[in-house]
Amino acid sequence: MRCSNLSDRKGAAGSVIHKNILTILDQVANEVSGELDLRSVLSNTARLVKQVVDYSSFVIALIDEKGNFDLAFQEGYEPEAFDQVRIKADKGLIGLSVLRKEVVIVDDVSDDPHHIMVPTADGRLPRSMLA
């Protein structure tokens, strides 16, 4: 298992990634403050992230009042893929990111004990993940 955060990514590539993420976070903050419709905010957030991370599948999880992740937005998965998935806020790679209070990057999720595998719409299993 290789699990790292942004500060582990040294050199010019890490600096570019860090700068791009900060730029996107600024755009997301502007989007959130200017829009009241949650679905629009989440969709626009996904669009902004796509400018930096060319993902094939994407999930935005929010923590609900019971301490579980509400998978509020997804792209690249079957619409019902997450209907039966209930993830506590301290589980999975997203939960690890929340507990550490930092971005978690996993290059190969097949070896990671924290990863909760959900097939994508095209039947492929995700290989890497940023949470």
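Read from the N terminus, the elements of the protein chain follow the order β-α-α-β-β-β-α-β-β. In total, the chain holds three helices and six strands. The model is a predicted one.

**The chain as a whole**

- The protein chain has 131 residues, and 31% of them are buried.
- About 8400 Å² of the protein chain is accessible surface, and carbon and sulfur atoms account for 53% of that area.
- Among contacts in the protein chain with a separation of 6 or more, 43% are between residues 24 or more positions apart.

**Helix 3**

- The buried residues of helix 3 are G92, L93, G95, L96 and S97.
- After helix 3 comes K101, which has a positive phi, near 60°.

**Residue S97**

- S97 belongs to helix 3, which covers residues 92-100.
- Is S97 buried or exposed? S97 counts as buried because its relative accessibility is 12%, and the term applies under 20%.
- Which residues does S97 contact, once its neighbours within four places in sequence are left aside? The partners of S97 are then E102, V103, V104 and A131.

**Points to locate in the view**

- S97 may be found within helix 3 (residues 92-100), with K101 following that helix.
- A131 may then be picked out as one of the residues in contact with S97.

Notes. Residues numbered from 1 in each chain as written. Predicted model: local features only at pLDDT ≥ 70, side-chain atom pairs only at ≥ 80, totals over all residues. Heavy atoms only, no water. Helix = DSSP H or I, 4+ residues; strand = E, 2+ residues; numbered from the N terminus. Buried < 20%, exposed > 50% of the residue type's maximum accessible area, 1.4 Å probe, protein only. Contact = heavy atoms within 4.5 Å. Areas by Shrake-Rupley, 256 points an atom, 1.4 Å probe, with all protein chains shown as cover.
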